[in-house]
Amino acid sequence: MSSAKELSSEKTALQSQIKELGDQIRVLKTEKANPDVVKEQVAKLQALKAQLGDDFKMVLKTPKGTRDYGPKAMAIREKVLKIITETFKRHGAETIDTPVFELRDVLLGKYGEEGGKLVFDLSDQGGELCSLRYDLTVPFARYVAMNKISNIKRYHIAKVYRRDQPVMTKGRYREFYQCDFDIAGQYDLMLPEAECLKVVDEVLNSLNLGEFYTKLNHRLLLEGIFSICGIKQSDFKTVCSSVDKLDKAPWLEVRAELVNDKHIDEKAVDALEYYVRLRENNASLGSVELLDLLLEDEKAGSNKQIKQAVDELKILFEYLEIYGVSTRVLFDPSLARGLDYYTGAIYETVMKDFSFNAFTNTDSTNPEDHVTVGSVAAGGRYDKLVGMFLESAGKKKADDVPCVGISFGIERLFSIMEMKEESEKSAGRTNETEVYVASAQKGLLKERMKLCRILWDAGIKSEFAYKANPKMLNQLQYCEDRVIPWVVIVGERELKEGVVKLRNVVSREETDIPYDEIVNELQNRLS
């Protein structure tokens, strides 16, 4: 018979095996190993857990890169989403929704060198290979192509999934919301881009989170710069992914990556430095002045792609001036977003000099307390994505639908809002209750229920205590804790006189109101 010590040792060994096998399975899934091998390992893991039986303890946690949202966080989320949705609707957008997973072929090859590695693949679904959507743009393009839409202004708010290394302190998750605003159709030059940037400006001003600015560049300008520097067209995407790191890393690190890791010609990389650091080295110049400076360069000024991009960006800045947002948009030739599908103007919005310590301890020496939030919105023109789907379905290339859009990094905005409200110690309502029905004496449960029904039927947001005889002090304290503005009190005196007592929670002022007039009185006061 085994001793208690031996049983404990066996249990520890089993738990160790379970942990080790679990780690192995995670690695196999990351490396996209043979599904049969993964299934075999999972079966072994389940068998080990069965051996432990009741001794197996589940770890109560959310998966890596995800989080729960409690009532307070959800109240903030709804506030942010309401502002964004109202802005989208103000600009005439209509909404759509698409499946949370797409056929894998729909997503493959659309996200560039890095993005393609971050798509969550699902196991075979009845003969169909599927993946969780990585963003809302590719599904939108598929939707436009599939439904033969020639023009639409749409918004889409939904969750997307990325097999990224999450950094929760920066609002970077594996499951998160995106809020997209896109304009599809044939329109005059730069008009849709100007409206997208106006939408960004309106949303961030309404959220009142601090100063921000939008970096602006053009795909053709990048192609032209790379060409005059001697960088091969085949290296465009890989060079872009390095250059796009210039807002986080110094030029020497980016140069080392290009030369040593990606084996780009050293002379070409050194020539590239002047152009991608043009904004950095001429910070005092306005965007249009910087564009003119670029054209004054002998090589750049004679390149057709660069000249076309500069002409288009100048038109865009004229429109942004009319919309009153040009001072918060900066031309920056180092902006090189890595997604495959952009064809024209590209932009990215960041909070100015913002880090998550801004609302907390500004004197902290802990680097984790000074993590910058990164971009909060990004987008651009993608004229060939719908056509790519049309072509794959055997349709005419002439049926292509140009598109331009903006996507908000909503989780980062949530994180900033949470930090702001925490720092301001604001009560932050987690419900929308307008009226609380209370009673001062015992035996009035049914009277409270009747009164609540009358208020509900009138569309007034109301609630009452789920106790037959609650204490009056507890009821009033509940209202103060939940920031409920009004209390309707029913008591024996009130019932005899045909009235109810209306109490203002903040001022504590009380007024008798005829029972039959309480609905009208509340509607007037609430409006």
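Welcome to a predicted model, in which local features need pLDDT of at least 70, side-chain atom pairs count only at pLDDT 80 or more, and totals for chains, interfaces and linings use all residues. Residues are numbered from 1 along each chain as its sequence is written, and side-chain values use heavy atoms, with hydrogens and water left out.

Let us begin with confidence. pLDDT is the predictor's confidence in each residue, from 0 to 100. The chain has a mean pLDDT of 86, and 88% of its residues reach 70 or more. Residues 358-371 have pLDDT below 50, and this stretch has 22 contacts in the model beyond near neighbours in sequence.

Next comes the sheet. Helices (H or I, at least four residues) and strands (E, at least two) are DSSP runs, numbered from the N terminus, and two strands pair if DSSP finds at least two bridges between them. Eight strands form an open sheet with mixed pairing, in the order β1-β4-β5-β10-β9-β8-β6-β7. At its edges are β1 and β7 (329-331), each of which pairs on one side only. Strand β6 (residues 212-218) runs parallel to β7, joined to it by three bridges; here K215 has L330 of β7 as its bridge partner. Helix α3 (residues 71-90) packs on the sheet and touches β4, β5 and β10, its direction making about 10° with that of β5. Such angles run from 0 to 180 degrees between N-to-C directions, with axes being lines fitted to C-alpha atoms, for helices over the stretch in contact.

Follow the sheet to strand β9. Buried means under 20% relative accessible area, exposed over 50%, and partly exposed in between (1.4 Å probe, protein chains only). Strand β9 (residues 375-381) has six of its seven residues buried, so it is largely enclosed by the rest of the structure. Five bridges link β9 to strand β8 (residues 345-351) in an antiparallel arrangement, with T349 opposite A377 in β9. Strand β10 (residues 403-409) is also antiparallel to β9 and joined to it by five bridges; there G380 stands opposite G405.

Now turn to helix α6 (residues 137-146). Eight of its ten residues are buried, so this helix is largely enclosed by the rest of the structure. The buried residues of α6 pack against β2 (101-103), α4 (104-107), β4 (152-161), β5 (175-184), α16 (385-392) and β10. Among these buried residues are F140 and R142. Just after the helix, K148 takes a positive phi of about 55°.

The side chain of R142 forms one with that of E102, at 2.8 Å from N to O. R142 lies in helix α6 and E102 in strand β2, so the pair ties together parts that are 40 residues apart in sequence. Both R142 and E102 are buried.

Our last stop is helix α8 (residues 219-229), which lies across β6, β7 and β8 and runs at about 55° to β6. Within α8, R219 and E223 are four residues apart, about one turn of the helix. Their closest N and O atoms are 3.0 Å apart, in a salt bridge. R219 counts as buried at 17% relative accessibility, and E223 is buried at 15%.

Terms used. Contact = heavy atoms within 4.5 Å. Salt bridge = Lys/Arg side-chain N within 4 Å of Asp/Glu carboxyl O.
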